[in-house]
Amino acid sequence: MSPGTTSPKHEVHPRHRLNETIHAPVRFSIVATLAGADQAEFSFVRDTVEVSDSVLSKQVATLESAGIVKVKKGYVGKRPRTWLSLTAFGRRAFHDHLAALRDIAGG
Amino acid sequence: MTPLTPEEAREQLATADTLATTSGTDARIGAFTTAGVGALVALMLAMSKAFAGTNTVAFLIGVVVYVLAIGALMIWHGRRFRVANRGWSRRYRASLGVTMTTYTIGILWATGGSPSWALFAPYCVLVALPMLVAAGRSARR
């Protein structure tokens, strides 16, 4: 930019900063639940969000493919366990999403 | 994407706050496990000073009891623990690291210097302390 010139200030409406993957209601609830935890067991998220196993699996797969959620499978004894956590990218994306929501809420 | 009204945005923010409030039961399970590991490591150190090199049978029984107790605690934790509240994993690992470091120093001290119980007993408490403090913090969250 040459001295003396000013760039036009272009205010982007906060709705454009909402993350489309997180914005869907069930996915928003999943990410919000995981935001308070280092990691959470699949059944805990299912019970908190109040969805069926199949709905949660499908939404988690979408979040995983977007790099927002990490899925870790393991066993406790003979019982299979699935642990969910937010990735660093997912945590940042949710933080930015909440910031956009606050801007919208503030009018 | 459907445009949000300020009221809808406020509702979503309230939902996020509610959902991020994690389980008190799991906080207590995590705290109990942390405190339990710290206490068992400290007891193992005290047992090592009491019996290692002087009473091999008692020492071996102590080691077996320690291994069984740690194993039982880990199995119970694995079965009951459903959510690690934010920061629990970091606090657990950090406090375990300090406890195991002081435990190793304690073993070297006990085998090399023959310290008195008046000094060694408080040291055993010191070994457990980082994990007890971490447990207290985890339970309060």
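**View 1. Helix α3 of chain A under its cover.** The buried residues of α3(A) are covered by elements from both chains, among them α2 (25-35), β1, α4 (53-65) and β3 (79-86) of chain A. The model shown here and in every view is predicted. Helix α3(A) spans residues 42-49. Its buried residues are Phe44(A), Val45(A), Arg46(A) and Thr48(A).

View 2. Glu50(A) follows α3(A). It sits in the loop between α3 and α4 of chain A. Glu50(A) is not a glycine, yet its phi is positive, about 60 degrees. Is Glu50(A) buried or exposed? Glu50(A) counts as exposed, because it has 10 C-beta neighbours inside 10 Å and the cut-off for exposed is 12 or fewer.

**View 3. The strands of chain A.** Chain A holds 5 helices and 3 strands. From the N terminus, its elements run α-α-β-α-α-β-β-α. Strand β2(A), residues 69-76, is antiparallel to β3(A), and 8 bridges join the two. Val69(A) has Leu86(A) as its bridge partner in β3(A). Strands β2(A) and β3(A) make a hairpin with 2 residues between them. In the turn, Gly77(A) has a positive phi of about 65 degrees. Strand β3(A) also pairs with β1(A), again antiparallel, through 2 bridges. There, Ala40(A) stands opposite Leu84(A).

**View 4. A strand pairing across the two chains.** Which strand of chain B is joined to β1 of chain A? The partner is β1(B), which runs antiparallel to β1(A), residues 37-41. The two strands share 3 bridges. Ala40(A) takes part here too, with Val83(B) as its bridge partner in β1(B). Ala40(A) therefore has a bridge partner in β1(B) as well as Leu84(A) opposite in β3(A), where strands count as paired from at least two bridges.

**View 5. The side of chain B that touches chain A.** The contact involves 23 residues of chain B and 25 residues of chain A. Four elements of chain B each supply at least two residues to this side: α1 (6-19), α3 (56-80), β1 (83-85) and α4 (88-113). Which of them gives the largest share? That is α1(B), with 8 residues. By class, this side of chain B has 12 nonpolar, 7 polar and 4 charged residues.

View 6. Asp26(B) lies in helix α2 of chain B. It is buried, because 21 other C-beta atoms lie within 10 Å and 20 or more is the cut-off. Leaving out residues up to four places away in sequence, Asp26(B) touches Phe81(B), Arg82(B), Val83(B) and Asn85(B). Val83(B) is also the bridge partner of Ala40(A). How far is Asp26(B) from Leu60(B) in space? Their C-alpha atoms are 34 Å apart, and the two residues are 34 places apart in sequence.

**View 7. Helix α5 of chain B and its bend.** Helix α5(B) covers residues 117-140. Its 24 residues should span 34 Å at 1.5 Å a residue, and the end C-alpha atoms are 33 Å apart, so the two values agree. The helix bends by about 40 degrees at Leu129(B). A proline, Pro130(B), follows within four residues. Buried residues of α5(B) include Tyr123(B), Cys124(B), Val127(B), Ala128(B) and Met131(B). Residues three or four places apart in an α-helix point the same way, because there are 3.6 residues a turn. The buried residues of α5(B) pack against α2 (24-51) and α4 of chain B.

**View 8. The largest nonpolar core.** This core has 47 residues. Which residues have the most contacts inside it? They come from both chains: Val31(A), Leu34(A), Val41(B) and Val127(B). Val41(B) touches Thr99(B), Tyr103(B), Val127(B) and Ala128(B), not counting residues up to four places away in sequence. Val127(B) and Ala128(B) are among the buried residues of α5(B).

View 9. Ala88(A) lies in α5(A), residues 88-105. It counts as exposed, because it has 9 C-beta neighbours inside 10 Å. Ala88(A) and Gly67(A) are 21 residues apart along the chain, and their C-alpha atoms are separated by 9.1 Å. Across the 107 residues of chain A, 36% count as buried.

Technical notes:
Residues are numbered from 1 along each chain as its sequence is written. Chains are lettered from A and ligands numbered from 1 in the order in which they are written. This is a predicted model: local features need pLDDT of at least 70, side-chain atom pairs count only at pLDDT 80 or more; totals for chains, interfaces and linings use all residues. Two residues are in contact if their C-beta atoms, placed from the backbone, lie within 7 Å. Ala, Val, Leu, Ile, Met, Phe, Trp, Tyr, Cys and Pro count as nonpolar, Asp, Glu, Lys and Arg as charged, and the others, Gly among them, as polar. A nonpolar core is a set of buried Ala, Val, Leu, Ile, Met, Phe, Trp, Tyr and Cys residues joined through C-beta atoms within 7 Å. The expected span of a helix is 1.5 Å times one less than its number of residues. The bend at a residue is the angle between axes fitted to the seven residues ending there and the seven starting there.
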